[in-house]
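Visitor: I have a model open and would like to learn how to read it. Could you take me through a few features?

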Amino acid sequence: MIFQDFFGYKNIGNVCKIIINRDNRIQLPDPVFGTFEVKQDYLPDWAENRFNVILPGLFKNKTDGQIIASFEAGSQKYPVIIQKQNCLIFNFDPEETLKFLNNENYLQTMKSKSILAKSPISTNLIPEKVKTCLRNIMTTPWVTKILKKNIFRSKYPFPKWPIEKSGDTIRFIILRCLESVTGNNIETTPFWPDGKKFAVALTHDVDTDWLFRNNNYRAIADIENKYGIKSAWLFVSNTYEFDTRIMEKLRKNGHEIGFHSDNHDSKFAFLDQAEMDRRLNNSSWFFDKYNVKGFRSPAFLHTYKMYKGLSRYISYDCSYWDTCDTIENTGSNNSGSCTVFPFNIENVVILPTTIPQDWVCSSLVGKNHKKILQMQLDKYQYIKKVNGLVCVLTHPEPGLSVQPEFLKAYDGFLREISNDKDAYLAPPYKIADWWNTRIHKS
Ligand SMILES: [Zn+2]
């Protein structure tokens with residue numbers, strides 16, 4: 001059971017019986033959007049007792065007992081977790097629900113994903129000056145307001161941005177239910193090594209060769225080196241010339257090299273197996289030369305089938321947000337894995353990106369480093385409480401993360417985490433390795 005793997009507790013089947021009414025599916029327009037409501041005693045202190053979520057389905061209630069949680073959809077209220085003596089009865093499938101949320105299967109009920117995937121041209125072909133100009137326009141609060149009001153609208157108010165708690169709340173509610181039935185605290189395995197309370201992964205998407213010119217890479221690398229933090233630099237393997245001297249410098253300083261696709265078009269995630277294999281094969285020189293373990297898809301576009309091809313080359317992926325705004329998505333609906341913890345697809349560990357990007361923050365609060373930093377720190381504080389993964393993305397590009405206000409915010413963020421004794425700071429490949437070992441050990 002994924003909950004047992006996730007929390008890493010021993011088998012409790014002898015003291016607690018779990019029944020899931022799978023064969024009694026209610027005929028509803030499923031998946032079904034509604035409000036989950038749970039008794040206060042079963043909540044972790046960082047969660048709310050009423051929250052919106054989309055469930056993959058509901059089952060008919062066949063049992064009397066104490067109702068711990070219910071789900072309100074339309075004008076109906078359905079009991080979804082019931083306790084009867086040493087028995088927990090679920091009228092929804094928690095495992096199916098978690099996978100459904102993590103993999104974003106709820107998006108079937110919404111409009112199609114990003115317009116980028118449909119664009120016939122690669123964003124790489126847009127001249128740098130035009131891109132910078134567009135970015136400056138896009139990151140202005142009044143433009144964002146107009147876009148959000150008129151174009152970038154989400155069909156459901158779900159997932160909530162910048163914090164979506166549903167997936168993790170459901171997990172911790174179930175742990176509390178198990179504790180209540182067994183009458184004691186359940187011994188769980190720590191999420192992170194060395195007594196650390198949360199993990200931090202820093203990543204950079206290197207879309208162009210800008211950072212190779214005039215030692216531009218130092219704009220970001222110097223800040224990280226100042227605080228002694230190691231990050232992952234994700235490169236596009238087959239579109240620009242690499243400055244091997246700079247690549248070696250990054251590696252020598254303990255940073256990691258990752259893969260940001262072969263040519264940064266928006267088609268990668270949607271390729272058929274043969275074409276994907278061909279393109280990955282063309283990048284094998286890069287995987288070998290730089291000992292690549294991680295990937296992020298251009299514009300975060302991902303499909304389930306993409307991981308089949310990738311799993312032979314990489315061990316972790318950052319192509320999911322935990323929650324993603326319509327502005328970020330350049331599309332018409334929110335999306336995200338609804339968790340701030342890693343999860344698995346195929347053999348790949350997904351490290352969801354969890355800290356709102358600098359330019360997205362600035363599109364709401366303006367180019368003001370204090371306000372941008374505050375938005376990012378608010379999220380970090382939440383993740384720390386949950387014991388999850390802080391995963392940051394920056395773009396070493398003009399018009400993006402190297403703007404002075406964005407660099408100041410980044411410096412402030414790194415200062416904060418480098419002073420935090422509870423933070424497990426490691427290059428992303430180590431975080432993914434740890435998570436894999438932890439899940440398979442428990
Ligand atoms: Zn990119």
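Visitor: At what angle do helix H6 and helix H13 pack, and how far apart are their axes?

Guide: Two packed helices are described by the angle between their axes and the distance between the axes. Here, H6 (residues 218-227) packs with H13 (residues 404-418) at about 20°, and the axes are 10 Å apart. H6 is therefore roughly parallel to H13 (angles under 35 degrees count as such). Axes are lines fitted to C-alpha atoms, for helices over the stretch in contact, with angles from 0 to 180 degrees between N-to-C directions. Helices (H or I, at least four residues) and strands (E, at least two) are DSSP runs, numbered from the N terminus. This is a predicted model: local features need pLDDT of at least 70, side-chain atom pairs count only at pLDDT 80 or more, and totals for chains, interfaces and linings use all residues. Residues are numbered from 1 along each chain as its sequence is written.

Visitor: Which strands stand at the edges of the sheet?

Guide: Six strands form an open, mixed sheet in the order S1-S6-S5-S4-S2-S3. Strands pair if DSSP finds at least two bridges between them. S1 (17-20) and S3 (50-55) are the edge strands, each with a single partner strand, so one side of each has no neighbour in the sheet. From one strand to the next, the twist averages 25°.

Visitor: How many bridges join S1 and S6?

Guide: S1 and S6 (residues 87-90) pair over four bridges, in the parallel sense. Look for Ile-19, which stands opposite Ile-89 in S6.

Key: Parallel < 35°, antiparallel > 145°, perpendicular 65-115°, else oblique.
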